Amino acid sequence: MFKEIIMCINNNEEENLFEMGNNLYKNGRYLEAISYLSRAVDLNPANDRNLYILGCSYCENGQYIDAIGCLLRAIEFNSTMSWIWHWLGRSYFGNRQYDEAISSFKKAVELDSDEEHWYWLGVSYYSNGQSQEAINSLLKAVELNPNYQLAIEYLNDINNNS
């Protein structure tokens, strides 16, 4: 009975820490979010949701190595969530590991053909010197969302630099 009570307290604390961290993340307060989310992960190191948002927070805060570590751990528990792969790609991209970013974004589009995944795949290809693959990916993003201004602008930049 005592063990069950402790587990309930830990689960509530973990949930509270996650909610605080997630709200801070959504408000762009990444360093503070990291503090709360790290504590949530300490309480439950196998929770892919906690690891995912912690990884996103690290990435947004420019702590790409920490982000990569968290997101790789999240994938161990949930390899079918496209957004975990997406943020892993963004983290690799931020760390200038373009081949790894491309692999991550390819997995993201395989799981969910979202225009943002295609956009970042295109940006990663272009940063890796693969212009035609970049154009193809960005065109796919625009096909999915004809009003996707970032993709349209990036395509225009590529064409102007050719």
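A salt bridge is a side-chain nitrogen of Lys or Arg within 4 Å of a carboxyl oxygen of Asp or Glu. E32 and R29 form such a pair, with their closest N and O atoms 2.7 Å apart. The structure is a predicted model, and the count by this rule comes to 5 salt bridges. Three of them, among them the E32 pair, are described below by topic.

**The pair E32 and R29**

- The distance of 2.7 Å between the closest N and O atoms of E32 and R29 lies within the 4 Å limit, and the contact therefore counts as a salt bridge.
- E32 is partly exposed, at a relative accessible area of 36%.
- R29 is also partly exposed, with a value of 41%.

**The pair in helix α6**

- K107 and E110 are joined by a salt bridge whose closest N and O atoms are 3.2 Å apart.
- Both residues belong to helix α6 (residues 98-111), where a spacing of 3 residues separates them by about one helical turn.
- E110 counts as exposed, with 58% relative accessibility.
- K107 counts as partly exposed, with 25% relative accessibility.

**The pair in helix α8**

- A salt bridge links the side chains of K140 and E143, at 3.4 Å from N to O.
- Helix α8 (residues 131-144) contains both residues, which stand 3 residues apart, about one turn of the helix.
- The relative accessibility of E143 is 56%, and E143 therefore counts as exposed, since exposed means over 50%.
- K140 has a relative accessibility of 24% and counts as partly exposed.

Key:
Residues are numbered from 1 along each chain as its sequence is written. This is a predicted model: local features need pLDDT of at least 70, side-chain atom pairs count only at pLDDT 80 or more; totals for chains, interfaces and linings use all residues. Side-chain values use heavy atoms; hydrogens and water are left out. Buried means under 20% relative accessible area, exposed over 50%, partly exposed in between (1.4 Å probe, protein chains only). Helices (H or I, at least four residues) and strands (E, at least two) are DSSP runs, numbered from the N terminus.
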